[in-house]
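Please keep the sequence and the three-dimensional view at hand while reading.

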Amino acid sequence: MTDDWRQRIDALQEELIRRDDPAAWVREADAVDASLRYPHLALRGPVFGVAVLDPAAGERWRLLKPVVDPMPQVARDSLNSHLWFAAKDGPDDPAVRRELLAAVALLDEEPVNEVAACGVRYRVVRADEFARGDGANLEPPRPTDPQPTAPCWERPRRYPPGPDVGFVLDPGHDEGPMAGATRLGLRDFSYVGARVPDPVRADSERAVDSHPDIVLLPVSFGVVERGPGGWEPSGGLAATPHEARRQLYDGMAEVWAVLYRYDDATRAVYAKAAEEFRALGRADEVSVADRHFRLCRVERMLRMGPDGPEPARPSDHDEYGPIRLHPTMDENGKIAEE
């Protein structure tokens with residue numbers, strides 16, 4: 001550990017002691033316990049989102065779209081739609097609309113990772129997703145992770161905005177000593193192993209030098225299923241453990257039966273397991289039809305360099321390219337009939 005990092009972690013410890021915040025002390029104790037019970041990191045791979053640098057909102061990059069997309073092009077499409085609707089519904093100023101639509105046109109045609117409009121920079125950013133494990137299981141939600149005061153299982157549901165949107169990408173900020181120690185341990189992280197393609201490994205090694213600082217994004221939660229090779233993701237990320245439980249409940253109760261065309265007997269088995277899982281309230285595991293599912297805690301690390309967050313890498317995989325997503329609009333806001 002360098003003297004600079006030792007001083008940083010010592011300062012975090014002093015700040016934690018000085019703060020009259022028992023909840024923060026308990027969260028830190030949870031983090032220490034987790035590091036001992038789940039000492040290994042299991043890498044899932046990259047995820048993508050959109051960050052924005054708006055001088056009117058400050059000098060820091062902030063997340064505009066959650067960093068959860070499986071491919072860079074999905075994030076580009078999300079940015080494309082954001083800018084198109086900003087042109088459609090924003091200020092009725094032809095000059096502003098022209099700049100926004102120019103950025104949309106570029107995203108329609110090219111797989112770019114950054115566009116600018118009206119003095120604001122928008123960038124497709126990448127993070128690496130990982131979970132903690134003990135060699136056999138992945139870490140479940142912690143007792144101090146956020147939970148709704150009144151858990152809702154019924155439809156329709158209104159999900160609160162996730163913690164990613166508006167999150168400031170500040171590599172100098174840590175929630176506590178354990179977060180600081182985690183960032184220290186991840187600074188030199190790069191992909192290794194014979195199964196990693198050479199271009200992917202090379203890009204990863206370059207990123208250690210080009211984007212040396214680490215930001216830990218808000219913790220997310222997901223569902224994993226035990227497969228022949230270990231735990232495998234089942235579904236997307238959720239902002240709270242309860243949202244992940246609802247995803248698992250919905251899958252067993254309804255969604256999977258339609259998606260996979262279960263027969264009546266299989267449908268009944270999954271529906272019964274869903275209700276039993278729901279009745280437990282805060283269960284983190286369930287078994288059904290010789291399958292085993294588990295909630296896990298998912299962390300994400302994003303790299304930062306002198307010019308901001310790391311964009312998508314050349315070796316990051318896309319299954320499709322840019323396409324035009326919206327009708328043509330002119331500078332006066334008139335949408336062409338197509």
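## Basis of the report

The model is predicted: local features need pLDDT of at least 70, side-chain atom pairs count only at pLDDT 80 or more, and totals for chains, interfaces and linings use all residues. Residues are numbered from 1 along each chain as its sequence is written, and side-chain values use heavy atoms, with hydrogens and water left out.

## The protein as a whole

The protein contains eight helices and 10 strands. Here helices (H or I, at least four residues) and strands (E, at least two) are DSSP runs, numbered from the N terminus. The radius of gyration is 22 Å, close to the 20 Å given by the globule rule for 338 residues, so the protein is as compact as a globular protein of that length. This radius is taken over C-alpha atoms, and the globule rule is 2.2 Å times the number of residues to the power 0.38. Taken along the principal axes, the C-alpha atoms fill a box of roughly 65 × 55 × 45 Å.

Of the 338 residues, 42% count as buried. A residue is buried when its relative accessible area is under 20%, exposed when it is over 50%, and partly exposed in between (1.4 Å probe, protein chains only). The protein exposes about 18000 Å², of which carbon and sulfur atoms supply 54%. Accessible areas come from the Shrake-Rupley method with a 1.4 Å probe; for residues, only the protein chains shown count as cover. Among contacts between residues at least 6 apart in sequence, 74% join residues at least 24 apart, where a contact means heavy atoms within 4.5 Å.

## Helix α2

Helix α2 covers residues 22-37; at 1.5 Å a residue its 16 residues should span 22 Å, and its end C-alpha atoms are 23 Å apart, which agrees. The expected span of a helix is 1.5 Å times one less than its number of residues.

Which residues of α2 are buried? They are Ala24, Glu28, Asp30, Ala31 and Ala34. Seen down the axis of α2, these buried residues fall within an arc of 155 degrees, so they line one face of the helix. The arc is that of the directions from the helix axis to the C-beta atoms. On the other side of α2, Leu36 and Arg37 are exposed.

## Helix α8 and its surroundings

Helix α8, residues 264-279, has 16 residues and reaches 23 Å from its first C-alpha to its last, close to the expected 22 Å. Its buried residues are Tyr270, Ala273, Ala274 and Phe277. Viewed down the axis of α8, they fall within an arc of 105 degrees, so they line one face of the helix. The buried residues of α8 pack against α7 (241-259), β8 (285-288) and β9 (291-305). On the other side of α8, Asp264, Ala265, Lys272 and Ala279 are exposed.

The N-terminal end of α8 is capped by Asp263, which has a side-chain oxygen 3.3 Å from the backbone nitrogen of Ala265. Just after α8, Gly281 takes a positive phi of about 85 degrees.

A polar atom of the Arg183 side chain lies 2.9 Å from the backbone oxygen of Ile214.

Arg300 is found in strand β9 and counts as buried at 1% relative accessibility. The side chain of Arg300 makes a polar contact with the side chain of Asp164 (2.7 Å). A polar contact is a pair of N or O atoms within 3.5 Å; within protein, one must be able to donate a hydrogen and the other to accept it, and residues adjacent in sequence count only if both atoms are side-chain atoms.

## Loop residues with positive phi

Most residues other than glycine have a negative phi. Arg261, in the loop between α7 and α8, has a positive phi of about 55 degrees although it is not a glycine. Arg261 is exposed, with a relative accessible area of 74%.

Asp290 lies in the loop between β8 and β9. Asp290 is not a glycine either, yet it has a positive phi of about 65 degrees. At 84% relative accessibility, Asp290 counts as exposed.
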